[in-house]
Structures are given as structure tokens and as C-alpha cells.
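Please look at the chain shown below, and keep it at hand while reading the report that follows.

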Amino acid sequence: MTKLYLAMEKDLLVVDVQGERITTKQTLQGMQPICVTFDPFRPERVYCGTFGRGLWRSDDGGETWEPCGSPGLYTEPLMGRGINQAIVTAVAVSPVQQANGYGVVFVGTEPTALYRSDDGGDNWTELENVRLLPSAATWSFPPRPHTSHIRWITPDIKEGEKIYVSIEAGAFIRSLDGGQTWEDRKFRGPLDTHTLLTHPMAPGRLYAAAGDGLFEVGREYLESKDAGLTWESKAEGLKHHYLYGMAVDPGNPDVIIVSASVHAMEAHHLHQVTPESTIYRKEGNQPWQEVREGLPPTEGMVIPILAANQDEPGVFYALTNQGLYRSADTGLTWRRLDIDWKEEYERQHPHALAVRG
């Protein structure tokens with residue numbers, strides 16, 4: 001069985017796929033989910049961050065939920081041991097570090113702050129040195145330029161003390177000691193990373209799908225081979241300069257897909273302009289190539305959120321306002337999954353997608 005968590009603009013959809021049988025459940029209705037993930041050590045433990053309603057967790061795979069760590073959602077004050085912002089923009093669980101039977105959890109917020117929990121979300125510690133970095137004064141999210149947020153958190157796939165974080169917009173930062181101290185952005189490193197990934201078969205390799213190409217063509221996609229110390233642009237073949245979603249084949253670290261648009265406006269602003277976006281695929285040192293077979297028309301499609309399942313090598317998933325799509329041949333061709341897709345979702349922007357076996 002494969003379980004997928006689809007964070008739409010208003011609700012979280014939990015999709016169970018068992019062969020040809022697919023069931024879909026609406027949950028966290030009206031909660032505006034932004035990010036979602038699960039604990040690799042306890043897969044039924046799921047975390048979901050929301051816009052304005054804090055962090056939520058489930059212990060039954062998404063059937064039921066409870067608030068987790070946000071002061072405004074409790075009847076008694078948390079006295080400094082909670083998450084002090086209600087907008088939770090990123091959540092990640094370490095694949096190698098665990099404490100008290102749970103994977104170590106990291107949460108990012110708007111305004112920019114980063115938190116860590118070593119007990120499954122009951123108690124939280126802010127990693128305050130993030131906000132003290134020299135570049136912090138320059139961080140700014142263009143739609144709300146007075147603020148910024150943690151866009152992506154990537155605990156290292158092998159070395160638990162290493163944590164990689166992207167700030168939207170302004171910096172890629174990293175910690176080598178579990179979050180106690182932080183290194184500021186690097187020369188020619190990505191500034192506006194939307195998706196930041198690692199791969200278990202490629203230690204030290206970081207993949208960054210970014211908006212940097214809007215400011216300098218050729219900076220849409222960057223890679224690091226030394227855990228974020230130095231970066232190299234690998235954008236040959238891209239005709240769209242704004243990248244957002246990304247996934248890497250669990251069975252091959254050299255097969256990558258990204259979602260792309262000509263601009264952030266056409267990527268996201270469904271209610272202001274007609275969206276237009278596409279998906280590119282890259283294998284090894286080959287240039288990026290646009291893939292279209294089985295996908296909806298580019299015009300009208302909000303930029304897809306992409307994901308892979310570690311238990312399904314060669315398989316990718318794409319979520320957009322036109323539905324949920326699956327590729328079983330490393331992203332070359334796609335088919336739409338027959339989930340319960342309401343007409344209202346066609347007018348919503350998807351925010352996150354998590355998949356587990």
C-alpha cells in the first residue's frame with residue numbers, strides 16, 4: 001500500500017493506494033496546510049504545518065489530528081517550550097537521528113525561526129542562532145517583503161548533525177552540530193531555494209530548485225557535491241527560469257525532475273492570472289528536457305509539487321490543480337490517478353506532497 005498526503009490550499013487529503021483501489025479522505029478541513037511529512041521511524045506519525053493555525057500531528061496515518069507545540073492552540077501557556085509562531089512553513093524529520101523512539105523533528109516558521117523537538121513534538125527548542133546570522137537583515141519574501149520564512153529543511157541523509165535550510169528569500173544556511181551553530185550563505189550559493197534535497201546513494205550531494213534564475217539566467221538549478229560548501233549551476237536545457245518542485249529517483253541519484261514556470265506570477269497566482277507551468281527531466285550529464293506525455297496542458301496548470309517514494313525506485317508523483325499524476329518510468333510518461341478530485345481543487349494551489357510505502 002502507498003499512502004500520499006496532499007496539502008491543498010484549504011484541506012489536507014489523505015490518499016491510500018492499494019493496487020487499483022484508491023480511497024481519498026479530506027482532513028484538517030479549512031486549516032490551510034502548507035507542509036507535511038511523516039516520521040521514518042514511526043510512519044503513522046505525521047506532522048502538518050498550517051498557515052496561521054500552527055503545527056498538527058497524527059498518530060494514525062492522518063485519520064485524526066491534534067495541535068502540536070503552538071501556544072494559541074492550548075488552554076495553558078507553554079512557558080517557552082512551544083513554537084512561538086502560528087505560520088508553520090516547513091517541517092522535516094531526521095532520517096538518522098532519533099530520541100525517545102521518535103525521529104528528531106525540525107520546524108520552520110514565518111517570521112523566520114527554526115525549532116527542534118527531541119520528543120516527538122511535545123517540547124520545542126528554538127535554534128536561535130539562525131536569526132542572528134549576518135545576512136538575516138536582508139531576508140525578504142517578495143509577496144510579503146516585510147518578512148521571510150523557512151522554506152525547506154533538509155536533515156542530512158547520513159550524518160545526523162548536519163542540517164541544511166533554505167530561507168525564502170535570501171539564503172541557504174547549514175549547521176554541522178545539530179543546529180547549535182550556523183554557517184551563513186556561501187558565495188554563489190542559492191538565495192531563493194524552493195526545494196532542497198539529498199539522496200542516500202550520494203552522500204554530500206545537495207540538489208536545489210530555485211527562483212534565482214529570475215535574477216540571473218542559468219541559476220535556476222544548482223548542485224553541491226560538498227554538503228553545501230560550494231555550488232555549481234547545471235541549468236542547460238531549461239527554457240523556464242523559475243523552478244519550484246523537485247524530486248530525485250530513489251534508485252538513481254542522477255535522475256531528477258523539476259517543475260518550472262516563466263515567472264512566480266504564472267506559477268502560483270491562480271486567481272490573478274492564467275497559470276502556466278511544466279515539468280523537466282534530467283538524467284546524468286544530459287541537458288534538461290521538458291516532459292509532457294500524460295500531463296495536462298501547460299496553460300491552466302499551477303506549478304506542480306513533486307515527490308518520490310523511497311520504496312518505489314523509478315516512480316515519481318506530481319500534484320497540481322489539475323489532479324494527482326504518477327510516473328512509473330522515471331518521469332518520462334505520466335498518468336492521472338483516479339482519486340476523489342473535487343471541482344473546487346481546480347481553483348486551489350497545492351502546497352505540499354508527501355509519499356510513503
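## Around Ser58

Ser58 touches Glu44, Arg45, Val46, Glu63, Thr64 and Trp65, leaving aside residues up to four places away in sequence, where a contact means heavy atoms within 4.5 Å. Ser58 lies in strand E6, residues 55-58, and strands (E, at least two residues) and helices (H or I, at least four) are DSSP runs numbered from the N terminus.

Ser58 is buried, with a relative accessible area of 1%; buried means under 20% relative accessible area, with a 1.4 Å probe and protein chains only. The side chain of Ser58 also reaches the backbone nitrogen of Gly62 at 2.8 Å.

## Basis and confidence

This is a predicted model, in which local features need pLDDT of at least 70 and side-chain atom pairs count only at pLDDT 80 or more, while totals for chains, interfaces and linings use all residues. Residues are numbered from 1 along each chain as its sequence is written, and side-chain values use heavy atoms, with hydrogens and water left out.

The pLDDT, the predictor's confidence in each residue from 0 to 100, averages 94 over the chain, and 97% of the residues score at least 70. Over residues 72-80, however, pLDDT stays under 50. Where pLDDT is low, the predicted coordinates should not be read in detail.

## The nonpolar cores

A nonpolar core is a set of buried Ala, Val, Leu, Ile, Met, Phe, Trp, Tyr and Cys residues joined through side-chain atoms within 4.5 Å. The largest one here has 23 residues, and those with the most contacts inside it include Leu4, Trp341 and Leu353. Among the elements giving two or more residues to this core are strand E1 (2-7) and helix H1 (264-268), while E2 gives the most, with three residues. A second, separate core of 18 residues includes Ala92, Leu127, Trp139 and Ile153.

Methods:
Buried < 20%, exposed > 50% of the residue type's maximum accessible area, 1.4 Å probe, protein only. Polar contact = N/O pair within 3.5 Å; in protein donor to acceptor, adjacent residues only side chain to side chain.
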